[in-house]
Amino acid sequence: MLALHQLSKTFSTPQGELHVLHHVNLTLKQGESLALMGESGSGKSTLLHLAAGLDTPDQGSVVINGHTLSALNETERATLRRQQLGLVFQQFHLVPSLNVADNLRLQARLAGREDPAWSTYLLERLGLAGREATYPEQLSGGQQQRLAIGRALAVRPALLLADEPTGNLDEHTADSVLSLLLSLVKETQCALLMVTHSERVAAPLDRAFRLHHGQLQDAR
Ligand SMILES: Nc1ncnc2c1ncn2[C@@H]1O[C@H](COP(=O)(O)OP(=O)(O)OP(=O)(O)O)[C@@H](O)[C@H]1O
């Protein structure tokens, strides 16, 4: 579902070249979940951005569901991102002027993949049935992140990329949002790559890797 081959990324900084990723290899199969850990500044978000095609590597390739990102033009990459990728961030990035139902449908609508029955089912699973007309500011943090997760899954993506998805939530809420996320991932059989600082959050995922000096190490 996701393959990273020999991925390298260097940033130029006033202090000189910063080699953030150095020939990183990783494969993630359908239905598999992987936690990406590492110290602050180790390159976790950089790797996630490369996997999402939001940034380009200096060397190496990213393959999503059989498509090599570097072989696509910008329009094709954007279409692939919309149809095959779900993104969830620490900040929920909901659209404040859209209600719950419209936020949930937003990405699916842009991808041309609206499925009303699936959206209705998702709203129930997210605990947001009956709240369709509510606006994000009227929701709790946990509810907002559940909605952001639902928006990402409404397209039935092949791959879900999540950057500290529970980082803004208290421990109890984080646990319930995480278990909902993992159960929906299993149900939809999408692959999950999740950045987290927390061993606790990483524990229920199938595999865990740590980025250290630009390379991935098995964290278990
Ligand atoms: N566009 C950029 N230009 C220059 N340096 C960058 C750029 N983006 C990231 N960096 C640097 O690359 C390194 C890795 O950053 P990244 O955000 O990937 O780390 P991270 O592991 O996600 O950190 P955190 O856990 O704090 O979010 C950091 O030292 C950062 O300052």
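The model is predicted: local features require pLDDT of at least 70, side-chain atom pairs count only at pLDDT 80 or more, and totals for chains, interfaces and linings use all residues. Residues are numbered from 1 along each chain as its sequence is written.

Select residues 2-219, where UniProt places the feature "domain: ABC transporter" in an unreviewed entry; such annotations may be inferred rather than shown by experiment. The span is 34% helix and 29% strand, and its end C-alpha atoms lie 19 Å apart. Helices (H or I, at least four residues) and strands (E, at least two) are DSSP runs, numbered from the N terminus.

Next, display the open sheet of six strands, ordered E6-E7-E8-E3-E9-E10 with mixed pairing; two strands pair if DSSP finds at least two bridges between them. Its edge strands, E6 (85-88) and E10 (215-218), each pair on one side only.

Within this sheet, select strand E3 (residues 33-38) and strand E8 (residues 191-195), which pair in the parallel sense over four bridges. Ala35 has Met194 in E8 as its bridge partner.

Finally, centre on Gly214, in the loop between strand E9 (207-212) and E10. Gly214 is buried because 20 other C-beta atoms lie within 10 Å; the class requires 20 or more such atoms, with 12 or fewer for exposed and partly exposed in between, C-beta atoms being placed from the backbone. Leaving aside residues up to four places away in sequence, Gly214 touches His19, Val20, Leu21, His22 and Gly43, contact meaning C-beta atoms within 7 Å. Gln107 and Gly214 are 107 residues apart in sequence and 33 Å apart in space, C-alpha to C-alpha.

Notes
Contact = placed C-beta atoms within 7 Å.
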